[in-house]
Amino acid sequence: MENYNQTLTDFILLGLFPPTKFGLFLFILIVLIFLMALIGNLSMILLIFLDTHLHTPMYFLLSQLSLIDLNYISTIVPKMASDFLRRNKTISFIGCGTQSFFFMTFAGAEALLLTSMAYDRYVAICFPLHYPIRMSKRMCVLMITGSWMIVSVNSCAHTVYAFRIPYCKSRAINHFFCDVPTMLTLACTDTWVYEYTVFLSSTIFLVFPFTGIACSYGRVLLAVYRMHSAEGRKKAYSTCSTHLTVVTFYYAPFAYTYLRPRSLRSPTEDKVLAVFYTILTPMLNPIIYSLRNKEVMGALTRVIQKIFSVKM
């Protein structure tokens, strides 16, 4: 058995990588995905900042999504990699609380931001003449600021409460990050009231935003169907399908994990599903939005041409 040199306030993250060659393969793969996510999201942020053609509400929200994804994956993967390389899977009580807080904050912020992006497309397609007023710069800033305030308060409340619960001598968390529902299995007291609170919070940040997104895109698809311009329909369908792809990748595993009763959950299944919304989604988002978006590819071409013209 491995010696973790555990203190009374330490937790142990059992992690994702088994101590085998397959575990080494997974480690290398995750590190490569992490690097791709860093490069992709940083590139999107810089591209939107540098190209004036992308200074619109839609791309402002997209730059915020890249910023969230950049921080989101950085909250999880560096600790995983460090644990694997050092063979030391302990995390301090404060470190676990900090990771849990930032995970919940970025996860909630992404859910609300995807809803804001759906509203942006709804207004742009269904009320194009009202778009400059409804999606003004001030409105975008208010939406982003409000989202951050809501998720920060929610994360702070959950973190403070979860880390005031007495935990038993066994501190082994069967996950690769400090996930509150998984931690509750280690509690020495009955936590059914708090588990209900976690379920209610998950419903608010998953079901309600998803319902809003579904309603927005239902109206959008109806409006697109009534369009006379074939090119306009094609552009609208492309934008909507891109966003719906991102929403599906993010919400489906998240909802399946957090909206099930504890009796139906298994640690292995939870870890596999968590890979989708904590690691794969932050890497896929910039790829999906860049490769399937002619405006982004055009902006990339213009920025590269400017760089080479300056060097010449």
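So, how many cavities of 30 Å³ or more are there? The count comes to two. By cavity I mean a set of points, on a 1 Å grid over the protein atoms alone, where a 1.4 Å probe fits but cannot get out, and lining residues have an atom within 4 Å of a point. Grid points are joined across faces, edges and corners, and a volume is the space filled by probe spheres set on the points.

Before we go in, a word on the model. It's a predicted one, where local features need pLDDT of at least 70 and side-chain atom pairs count only at pLDDT 80 or more, while totals for chains, interfaces and linings use all residues. Residues are numbered from 1 along each chain as its sequence is written, and side-chain values use heavy atoms, with hydrogens and water left out.

Okay, the largest cavity. It holds about 300 Å³ of space. Its lining has 21 residues, and Met104, Asn154, Ser201, Ser202 and Phe254 lie nearest the centre. Helix α7 gives the most to that lining, six residues; helices here are DSSP runs of H or I, at least four residues, numbered from the N terminus. By class, you get 14 nonpolar, six polar and one charged. Nonpolar covers Ala, Val, Leu, Ile, Met, Phe, Trp, Tyr, Cys and Pro, charged is Asp, Glu, Lys and Arg, and the others, Gly among them, are polar.

The second largest cavity has about 30 Å³, and Ile68, Ala109, Leu113, Ile144, Ser147 and Trp148 line it. Its largest share, three residues, comes from α5.

Now back to Phe254, since that residue also has a ring partner. Tyr250 and Phe254 form an edge-to-face aromatic pair, 5.3 Å centre to centre with 65° between the planes. Rings of Phe, Tyr and Trp (its six-membered ring) pair if their centres lie within 6.5 Å, and planes under 30 degrees apart count as stacked, over 60 as edge-to-face and the rest as tilted. Why are these two about one helical turn apart? Because they sit four residues apart in helix α8, residues 230-258. Both Tyr250 and Phe254 are buried, meaning under 20% relative accessible area with a 1.4 Å probe, protein chains only.

Definitions and conventions:
Buried < 20%, exposed > 50% of the residue type's maximum accessible area, 1.4 Å probe, protein only. 1 Å grid on protein atoms, 1.4 Å probe; cavity = no way out; pocket = protein on both sides within 12 Å on 5 of 7 lines; lining within 4 Å.
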